[in-house]
Amino acid sequence: MPLLQLQRVDYSVGGPLLLEHVDLTIEAGERVCVVGRNGEGKSTLLRLLAGEIRPDDGEVRVQSGVRVAKLAQEVPQDARGSVFDVVAQGLGDLGALLARYHHLLEQHDLDALGAVQAQIEAQHGWDLDRRVSQVLERLELPADADFAALSGGMKRRALLAQALVRAPDVLLLDEPTNHLDVAAIQWLEEFLRSANFALVFVTHDRSFLRALATRIVEIDRGVVTSWPGDYDNYLRRREERLHAQAQENALFDKKLAAEEVWIRQGIKARRTRNEGRVRALKALRNERAQRREVSATAKMTLATAQASGKKVIDAKGVDFRFGERMILRDFSTTILRGDRVGILGPNGSGKSTLLKLLLGQLQPQRGEIELGTGLRIAYFDQHRAALREDWNALDNVAEGREYIELDGQRKHVLGYLQDFLFSPERARAPITRLSGGERNRLLLAKLFAQPSNLLVMDEPTNDLDVETLELLEDLLGSYHGTLLLVSHDRAFIDNVVTSTLVLEGDGRVGEYVGGYSDWLRQRPVSREIPLPEIREPDFRLRGHDEQKQKRKLGYKDARELERLPARIELLENDIAARTQAMQDPAFFRQDAAAITAANQALAALQIELDAAYGRWQELEA
């Protein structure tokens with residue numbers, strides 16, 4: 001008997017049904033991946049399975065006694081307390097009692113402790129207390145650590161524990177790899193592969209998908225279909241189905257065209273017509289009107305500038321530390337024109353710092369970095385700071401122009417945006433109404449309209465569907481300039497880059513030919529990327545050389561230099577938290593004024609952070 005079942009379910013958010021006549025069953029032990037383009041209803045399907053929303057028609061059936069748990073796409077902003085507190089929240093009121101009991105134990109408040117203990121015993125809660133402890137141990141989580149101080153990856157792990165303490169029979173995961181580094185993604189894969197519950201998940205990470213899925217459920221134009229087997233089998237069979245549909249539609253359209261010709265000729269040739277044939281034509285017209293075409297595919301074009309010099313970036317003997325944290329130690333590399341370089345490392349390991357050094361935005365403390373001649377740089381910022389919130393999509397790309405130049409060809413800006421799936425109405429709509437995926441596509445459109453010969457991309461794959469990812473891979477593969485790419489998407493790295501720089505800890509940067517899979521084969525055993533630490537590196541202390549330089553400063557400047565790392569850390573944490581909140585779909589359901597204010601605040605913080613970095617560099621020098 002199925003654990004979960006959808007029977008003839010309809011769901012609409014206005015316009016055509018988002019989900020139409022859906023029949024779906026989830027069996028014990030399955031690992032089902034839900035696939036489809038952005039906006040097709042993947043997250044909505046998970047919310048229906050979780051009981052968070054009700055269908056417009058049809059029925060969602062849950063087998064008696066079956067427990068369903070869901071891991072949200074984003075970390076809740078109101079999560080507070082210790083890791084134990086957050087995990088115990090998965091048990092509701094009894095979990096809150098257990099958390100209070102543990103706090104009272106630390107405070108040695110015997111009177112209050114006795115009262116809480118009696119309530120737990122009355123609800124037979126000690127077994128659940130042991131379950132919380134077992135889940136924490138299994139997921140290697142520190143019970144007493146402050147949840148707010150955890151890295152992004154560890155927060156996701158704690159929220160997974162919160163779902164697991166309910167001992168679910170079905171676990172629902174919506175984009176579980178978002179904001180995780182490679183090591184955390186690998187850990188999650190192994191954990192879920194050995195789990196004994198049914199799993200239903202949505203992901204754009206094709207490596208994660210291939211490692212886990214035992215069945216594919218596709219949403220296409222409101223219709224949900226099930227494809228047994230792995231992802232590659234689904235891709236083959238989907239192409240066969242689309243080809244058959246195209247042939248069937250072509251035959252239908254040919255028949256409809258012939259009937260339209262007949263009825264026009266019939267009006268001229270005779271006063272009466274075959275009424276049965278007329279009714280059949282009306283039915284054909286109605287059937288054609290009801291057909292939902294396959295959504296358009298983005299047609300991205302990348303403007304390239306005149307070729308740069310042969311040597312793009314040359315680094316020699318570079319050291320860079322932030323406080324006691326050594327980011328680079330004796331780092332040397334040469335990047336030539338046409339190289340496509342991937343940058344890998346755990347969250348907080350210094351990937352963004354390495355990018356800033358390579359682009360000359362930060363200066364090394366030892367060694368030198370020389371930029372080549374004729375460089376025109378285009379930068380994809382994962383925080384989307386390049387988008388102006390007071391402009392619409394059209395203005396963000398046009399910047400006052402009516403036409404843009406793409407490799408010697410003029411193209412109207414509206415037509416260019418249509419290639420990125422923006423209708424004229426959507427292109428003129430306020431940017432505050434755009435979803436996360438649309439904003440990423442808009443940032444790509446803005447970036448690709450700038451002629452460049454050095455393309456820098458920091459996490460460009462977030463919120464993009466698989467089809468757009470594959471198109472982006474093809475585009476970057478044919479790019480004639482030089483590419484620097486930071487990404488945790490292993491398949492994307494494999495398919496795009498020609499070499500990788502891997503931050504391996506303690507200032508070591510390994511350089512390897514090929515992508516992620518090639519690095520796995522080449523790396524020394526002792527240089528595996530470690531699992532994420534409990535806290536992101538904060539770089540708050542300074543080393544001996546910095547202290548020596550600081551003594552040359554006046555008292556006021558020395559005090560400012562001493563305080564700057566903590567200030568930079570606070571700003572970075574604030575920017576990261578705000579950015580994560582803005583990637584939640586609920587963010588865009590606010591009124592336009594609130595969204596604009598939030599984006600302006602984020603832009604102001606980014607300016608303040610850049611100024612703090614500049615001042616820190618100035619004082620260090």
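**Aromatic rings and charges in a predicted model**

Author: The charged end of arginine 441 sits over the ring of phenylalanine 422, 5.3 Å from its centre (NZ of Lys or CZ of Arg within 6 Å of the ring centre and within 35 degrees of the ring normal). This is a predicted model, in which local features need pLDDT of at least 70 and side-chain atom pairs count only at pLDDT 80 or more. Residues are numbered from 1 along each chain, and side-chain values use heavy atoms.

Reader: Which residue lies over the face of tyrosine 403?

Author: Arginine 410 does, at 4.2 Å from the ring centre.

Reader: How is a pair of aromatic rings described?

Author: One gives the distance of the centres and the angle of the planes. Rings of Phe, Tyr and Trp (its six-membered ring) pair if their centres lie within 6.5 Å; planes under 30 degrees apart are stacked, over 60 edge-to-face, and the rest tilted. The count here is 8 aromatic pairs. One of them, tryptophan 187 with phenylalanine 191, is stacked, at 5.5 Å centre to centre and 10° between the planes. Both residues lie in helix α7 (residues 182–193), 4 residues apart (helices are DSSP runs of H or I, at least four residues, numbered from the N terminus).

Reader: How are tyrosine 231 and tyrosine 234 arranged?

Author: Their pair is tilted, with 5.9 Å centre to centre and 35° between the planes. Because they are 3 residues apart in helix α9 (residues 231–269), about one helical turn separates them. Ring pairs also link Trp227, Tyr231 and Tyr234 into a cluster.

Reader: Is tyrosine 231 buried or exposed?

Author: Tyrosine 231 is buried, at 4% relative accessibility (buried means under 20% relative accessible area, exposed over 50%, partly exposed in between, with a 1.4 Å probe and protein chains only). Tyrosine 234 is buried at 3%.

Conventions
Helix = DSSP H or I, 4+ residues; strand = E, 2+ residues; numbered from the N terminus.
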